[in-house]
Amino acid sequence: MLAAALTAHAAPGDPGKVAIGFLEKVRQRKLNLEPGGDTAISAQTADGKRHQIAKLIERMARELGSDPIEVGEVRLDENFAAVLVRKVGGFDPGRLQIFPVALVKRGAEWTAAPVPASFENAGANHAISLRKRVKLLENWMLREQVVDLEKLRQQSADRMRQQIEVSLSAKELRGFTARQMGERFLQACEKKDQPAILGLLGGLSPKLPDDWAARLKSVDRALATGSTDKHPWRLLVSPEVVRVLVHEEERNDGGRVTIGCLDPAGDGGEGAAPRLEAVACELAKGKDGLWQINLPTPFLQENNEPAEDADDSPHLAAFSARWTEAHPPTPQAGPDQARQTLLKALGGGDLKSLLMLVQLDADESDARQAILQAAGIWQFTHDPASVRHVMPLAFQSGESSAVATFQFFSTRQPDRLDTRTFYFEKSPAGWLWTPIAAERTRAQFQPGLDAAAAQWPGEWQQTLLGDSPVLGELKGLQAPGSEDARKAVQAWLDATRLGDVTASLPLTARLNTPRSAATVLQNLGYELLAGRRSKVLPVITGIYQGEIWTAVGVKMDQGGKSTYPLYPLVQTASGPRVVIEIDLFASGNRGRDYLNKMAFERLEKGSSVAIADELRGLYAKHQADLEGLIPGPPR
C-alpha cells in the first residue's frame, strides 16, 4: 500500500487545504477539541490526555504567530494523509518552521488528528495493519520536517532578495549618493518598509554582512506591533518623532550620514522635556557598487536608554535649517487663519504639521528653542495618560502680530482652567506661529490678556458646553423612541472611544443646576478614559422606555472586567440626548450603590422626585436583567 502512496501538492478541497484551515483555527485559538468538533479526536480520549493535547495546541499557536503559512508536501495513503505546512513569513531564517499535520478521512471529508505529527487519539490504531501504515506516515512526517526545514532555510536568502527587490532594486542602490542613501533610509523607516530597510542594511549584497542575523532580529523587533516606543529604534520608526538628515559625507568606499531626530516624549518619563538626538550611520560601498548602511551598535542590542548627551552632536546645529529645507513652512493668509490652522494641528494633526506652522528665526539657538517648545506643547496635548481638548478662549490681532489664548481641557482634571497663550507674526509670505515671541509683542497684548483672563474662570465651561443644551422643565417631555435612543447611545460610545470631545458633547443634555457643567465634564472625563482603556467594543444589552426617560444598558470592558452602565436619555428639540451627569451602573457592591444613590439625588434636586422615581424604575429593570452576570465591583 505504501508503495502506492503518492506525494502531491495541495489543491482546493484536498488534505493540504484542510491542514491550513486547522492551523488557522489553532492560530486564532478557536479550535474545538471536543469529539465531533474541529479534529478527529476520539470520544474515548481521557480528560488528562485531552488536557495534554490542549497544551500542545497552545504551544503550536504561539509558534505560528502571525506569519503566513503555505502547504509543502502531502503524502496520501487511502484514508490517511500527512501534510507538511511551512511558516514562511518574515526574513529571519530562525523564524521558519515546518508544522506536520496528520489527517484521517471519514466519508468524503478530511479531518486533522488532534496531536501534531501523529495519528494518536484519532481512532486509527485498532488493527495491526492500520498501526503499521500510520506509523510509516508518522515517521515520514518527522523525517521530512527536518529535511524540508533545511531546504526552506537554504531558499530563504533567495526569497529575501526577491522580496527586497520589489521595494528597492540593486540598480537603485548602486546609483545613490550618500545623501540619497540617508534620505531613502529615512523614507523606508517612516513607512516601516521592512524589505527596503533590509536592502539598505546589506540584504542585497552577494555576501551578507557578518552580523546579518543580529540585523534581522533588530529590524524585526523594531517593526513588531507595539514596539515603536523602544529606544533607539523609536527615533527612526515612531510616527511621533520627526527626523531629517543633518549631515552627510561621501568617500569612494563609503561615507557617513547623520540623522537628527526630534522626540517630543524625551526620555519617556512623565513630564519629560522633548529632546533632539543624533543617529550617526556609517556607509560602506562594495566593489560591486552596492551601498550598505551600518547602524550604530545600540540598534543591534535590546533595551537601550536615551543617551544623556543626546543633543550634543555638532551636526544637530543644522536641524532647523535642514528641517525648513525639507519641509517649508506653510504661512497663512491672515492671523485668524493662522489661529484656526494651529488649533486644528494641535487637536488632530501630527508634530510635522505643527512644526510647519512655526516661524523659525535665522539664529540657530532661537530656532532650536522654538522647535523644542512646539514639540513640548504637542506632547502635552497628546499625552497618552490623558485625553485633552483644545478650545479657543480669546483672540487679538494687530497689523503684524496677533495673540490667541486656548483652554486645554483634560480628562484628568476636567474642571481645571488650564490656559496657554500663542503669538503669531506676519512674515513677507504670511502669518506663522512664533513660540518665542518678542518682548515688545508680549507687552503690546498683555493689557488685553489680563482683562480677558478675569472672565475665563466663570465662562470657559459654559463655552465648552455650548452645544450641550440646558434642560428646562422635564415634566411633559415624551421619552425618545427605542431605535432613536439606541442610535444616540451608539454615537456616544463611538465618540468617547475615539476620545473626541467635540463629537461627544453635542450628544448630551444637562440639568439646570449650579454644579451641572462641572459634573458633565467630570463624567465625560471618566467616559473618555474608560473608552481609551477598553480593548473590546461595548455592547448594548437592553433598552428601557418610560414616559419621560428612555434608558440604554451597555456592557463595557474595563481592564478585563465587565461593567454595566445605564445611560438615561431625554428628547430635546435636536433629538435624543444623553444626560451624562446622571451616571448609573448596575451594582454589585455597596460603594457603587452609594454613587447611584447620589446620582438619583442630583436628579431630584434638578427636577422632581417623580421624575427621578421613573428613572429608578428603569434602572431596576436594568439591574434585574443582569442578575447573576455582575462579577463584583463594576467600577
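Two strands are taken to pair if DSSP finds at least two bridges between them, and it is in this sense that Gln 558 stands opposite Lys 561 in β16. The model is a predicted one, and every value below is computed from it.

**Overall form**

The protein contains 19 helices and 19 strands. Its radius of gyration is 32 Å, well over the 26 Å that the globule rule gives for 635 residues, so the protein is more spread out than a compact globule. The C-alpha trace spans about 95 × 80 × 35 Å along its principal axes. Of the 635 residues, 49% count as buried, and the protein exposes about 30100 Å², of which carbon and sulfur atoms supply 50%. Among contacts with a separation of 6 or more, 62% are between residues 24 or more positions apart. The side chains include 75 that are positive and 79 that are negative, and the centres of these two sets lie 6 Å apart.

Strand β15, residues 550–558, has 8 of its 9 residues buried, so it is largely enclosed by the rest of the structure. Strand β14, residues 539–545, runs antiparallel to β15 and is joined to it by 6 bridges; the two strands form a hairpin with 4 residues between them. Within this pairing, Ile 543 has Val 552 of β15 as its bridge partner. Val 552 also stands opposite Tyr 567 in β17, a strand covering residues 565–572 that pairs with β15 in the antiparallel sense over 4 bridges. A further antiparallel pairing, over 3 bridges, links β15 to strand β16, residues 561–563. The hairpin of β15 and β16 has 2 residues between the strands, and Gly 559 in that hairpin takes a positive phi near 60°.

Strand β4, residues 97–106, is mostly covered, with 7 of its 10 residues buried. It is joined by 8 bridges to strand β3, residues 80–87, and the two run antiparallel; here the bridge partner of Phe 80 is Val 104 in β4. Strand β4 also pairs with strand β5, residues 109–112, in the antiparallel sense over 4 bridges, and Arg 106 has Glu 109 of β5 as its bridge partner. The hairpin of β4 and β5 has 2 residues between the strands, and Gly 107 in that hairpin takes a positive phi near 70°.

Ala 112 belongs to strand β5 and, at 2% relative accessibility, counts as buried. With neighbours within four places in sequence left aside, Ala 112 is in contact with Val 18, Phe 22, Thr 39, Ala 40, Val 101, Ala 102 and Leu 103. Ala 112 and Asp 361, by contrast, are 249 residues apart in sequence and 69 Å apart in space, C-alpha to C-alpha.

**Backbone geometry in loops**

Most residues other than glycine have a negative phi, and most peptide bonds are trans.

| Residue | Relative accessibility | Class |
|---|---|---|
| Arg 29 | 48% | partly exposed |
| Ala 117 | 13% | buried |
| Pro 232 | 5% | buried |

Arg 29 is found in the loop between α1 (15–27) and α2 (47–64), and its phi is near 60°, a positive value in a residue other than glycine.

Pro 232 lies in the loop between α7 (212–223) and α8 (234–237). The peptide bond from His 231 to Pro 232 is cis, with omega near 5°. The C-alpha atoms of Pro 232 and Pro 298 are separated by 7.1 Å, although the two residues are 66 residues apart along the chain.

Conventions:
Residues numbered from 1 in each chain as written. Heavy atoms only, no water. Buried < 20%, exposed > 50% of the residue type's maximum accessible area, 1.4 Å probe, protein only. Rg over C-alpha atoms; globule rule 2.2 N^0.38 Å. Contact = heavy atoms within 4.5 Å. Areas by Shrake-Rupley, 256 points an atom, 1.4 Å probe, with all protein chains shown as cover. Lys, Arg positive; Asp, Glu negative; His and termini not counted. Charge placed at Lys NZ, Arg CZ, Asp CG, Glu CD.
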